[in-house]
Amino acid sequence: GEESLTIFVDKRKLSKRSEGSDASANSSAVTLETLHQLAASYFIDRDSTLRRLHHIQIASTAIKVTETRTGPLGCSNYDNLDSVSSVLVQSPENKIQLQGLQVILPEYLQEHFVQAALSYIACNSEGEFICKDNDCWCQCGPKFPECNCPYMDIQAMEENLLRISETWNTYNSEFEESDEFKLFMKRLPMNYFLNTSAVMHLWTMDSNFQRRYEQLENSMKQLFLKAQRTVHKLFGLSKRCHKQPLIRMPRQRSSNYWLNRIQSFLYCNENGLLGSFSEETHTCTCPNDQVACQGFLPCTVGDGPACLSCAPDNRTRCGSCNAGYMLSQGLCKPEVADSTEHYIGFETDLQDLEMKYLLQKTDRRIEVHAIFISNDMRLNSWFDPSWRKRMLLTLKSNKYKSSLVHMILGLSLQICLTKNSTLEPVLAVYVNPFGGSHSESWFMPVNENNFPDWERTKLDLPLQCYNWTLTLGNKWKTFFETVHIYLRSRIKSNGPNGNESIYYEPLEFIDPSRNLGYMKINNIQVFGYSMHFDPEAIRDLILQLDYPYTQGSQDSALLQLLEIRDRVNKLSPPGQRRLDLFSCLLRHRLKLSTSEVVRIQSALQAFNAKLPNTVDYDTTKLCS
């Protein structure tokens, strides 16, 4: 722009001030020569000159200073003069304000003067300056269609952006070539595959490398802010150009970029070619679509199906596996327990339909012969049913059948009553799975929660005889060693309406005229099947928990014991929680102590927690 400094001098006041000054004030007296010297130094040192003139103007009314600027302001911050008559002030955002000079014009000329002045200054007389909706621009004349587009300024900013991009690439190259980067790459382990998480962990452990990366980040942030400012200016200058400028902003490189870059240096840097590594596909994208840059990828070390360690002779294959996995052809696959049939059987050869038919016919081929014991009654003998009768069917497997365990599929009783008896039998059944005391039995929830109910079939006999049958089938089958049956009786009587029945306990019904009658049980049968059981083989499995034969035999033993535990507990009766039948098996069929059972269960629980995709379940304690 243009600048001018005008100093108005009242010589009379200046001469009077000079004459009235004494000798001691001569050194500070202002003369015309002094003012000429100050005016001459204005364009050399504007700030100091204006400051001195300001002091003189305040101290004396002999001078008045007027500073006139046309176009952009200079760098002076000293704006305290009484009269600063800058005609135009143009800011970088192209907002133009008018100050001073138009005030002296007549009012009818002011608007035309402002319009002409703005068009002259802002549009270089190539168009008419227009402001609308907080935005100003030049309405170009026909000879100057591009008057709104300062090509020289735009070209300069494009070149500035290009230099910023070059500096950006230089910073990244310097980071890769730094001693900290090279030393970090040298320390990375090569005997197993490093995913981005592993590289990041090692990164955080290297303080020197972290500091060097922070230095790069700070430099990049400053450079990026500079690029943003340049782009904003470029957009502002070119928004009314017919041709938009070419803008290339450097892309910010996050820590994830550098993690992938480090992987590329490790695994895609063969034959002098550097490619780009993809962790998802474990492959390299090489320059010119070649495959020569990809090296051998080490095995992945980690939890679950990943390797515990890589093979020393071939790093691409697993050398050992985690708990619950087995090594197969260089890979870790989920370990599957061997068949448990050698230790304990669970299934029969009968199909579901065959079993259902045999149960309906109460076929003796699926009868399990048990010993009947009762101190309250005898089979085929009449007894007074007023009091509760207790009976049981037991197998005494530890004494007679130590190599078998037994499954119950159904229960059948033949109950007879004397003629015209008003008694109604009530049966309660408890099942003891593997032996022990009666307190270690569970109650059979007959006709509860979809559990089967007793089926009564009248027999063609002179007496009131019925077959009472409870069919469990494959759905509700379970282990049994002893079946406890409690027989109570209730009295059936017609209700007050005659259409309903009311039941009374015999002891509560004391009318001697009522015929309670007698009852007898002709036979009791348990239907099911027996399965192979080898207690010594299971004890040998348990022994391997403390004294394994080989390195992998302990895990194999734990896996098989876990399979046996889960299959045994799966045959638990219905309920919110399964019963811990496995502990009963260890306690009564293997004769283990309580502390040994607790130790085995703890070992299985700890081992199960390490296995993949397993969910442990809570059980209810049954055996002490």
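Visitor: Is His 282 buried, partly exposed or exposed?

Guide: First, a word on the ground rules: this is a predicted model, in which local features need pLDDT of at least 70 and side-chain atom pairs count only at pLDDT 80 or more, while totals for chains, interfaces and linings use all residues. Residues are numbered from 1 along each chain as its sequence is written, and side-chain values use heavy atoms, with hydrogens and water left out. Buried means under 20% relative accessible area, exposed over 50%, and partly exposed in between, using a 1.4 Å probe and protein chains only. At 28% relative accessibility, His 282 is therefore partly exposed.

Visitor: What is the phi of His 282 near?

Guide: His 282 sits in the loop between β7 and β8 (283-285); helices (H or I, at least four residues) and strands (E, at least two) are DSSP runs, numbered from the N terminus. Most residues other than glycine have a negative phi. His 282 has a positive one, near 55 degrees.

Visitor: Where does Asn 271 lie?

Guide: Asn 271 also has a positive phi, near 55 degrees. With a relative accessible area of 62%, Asn 271 is exposed. Its place is the loop between α9 (255-267) and β7 (276-278).

Visitor: Which backbone oxygen does the side chain of Lys 389 reach?

Guide: Lys 389 belongs to strand β15 (residues 389-394). At 2.8 Å, the Lys 389 side chain reaches the backbone oxygen of Asp 384.

Visitor: How many salt bridges does the structure hold?

Guide: One of them joins the side chains of Asp 206 and Arg 187 (3.6 Å, N to O). Asp 206 lies in the loop between α7 (196-205) and α8 (207-238) and Arg 187 in helix α6 (residues 179-187), so this pair ties together parts 19 residues apart in sequence. Asp 206 is buried at 8% relative accessible area, whereas Arg 187 is exposed at 56%. The number of salt bridges in the structure is eight.

Visitor: Which residue forms a salt bridge with Glu 424?

Guide: The closest N and O atoms of this pair are 2.9 Å apart. The pair links distant parts of the chain, 32 residues apart, with Glu 424 in strand β17 (residues 423-432) and its partner in strand β19 (residues 455-458). Glu 424 counts as buried at 11% relative accessibility.

Visitor: With which side chain does that of Arg 364 make a polar contact?

Guide: Arg 364 lies in the loop between α10 (352-360) and β13 (367-368) and is exposed, with a relative accessible area of 59%. A polar contact is a pair of N or O atoms within 3.5 Å; within protein, one must be able to donate a hydrogen and the other to accept it, and residues adjacent in sequence count only if both atoms are side-chain atoms. At 2.8 Å, the partner side chain is that of Glu 367.

Visitor: What share of the 624 residues is buried?

Guide: The protein's secondary structure comes to 16 helices and 26 strands. Across the protein, the buried share of the 624 residues is 39%.

Note on methods:
Salt bridge = Lys/Arg side-chain N within 4 Å of Asp/Glu carboxyl O.
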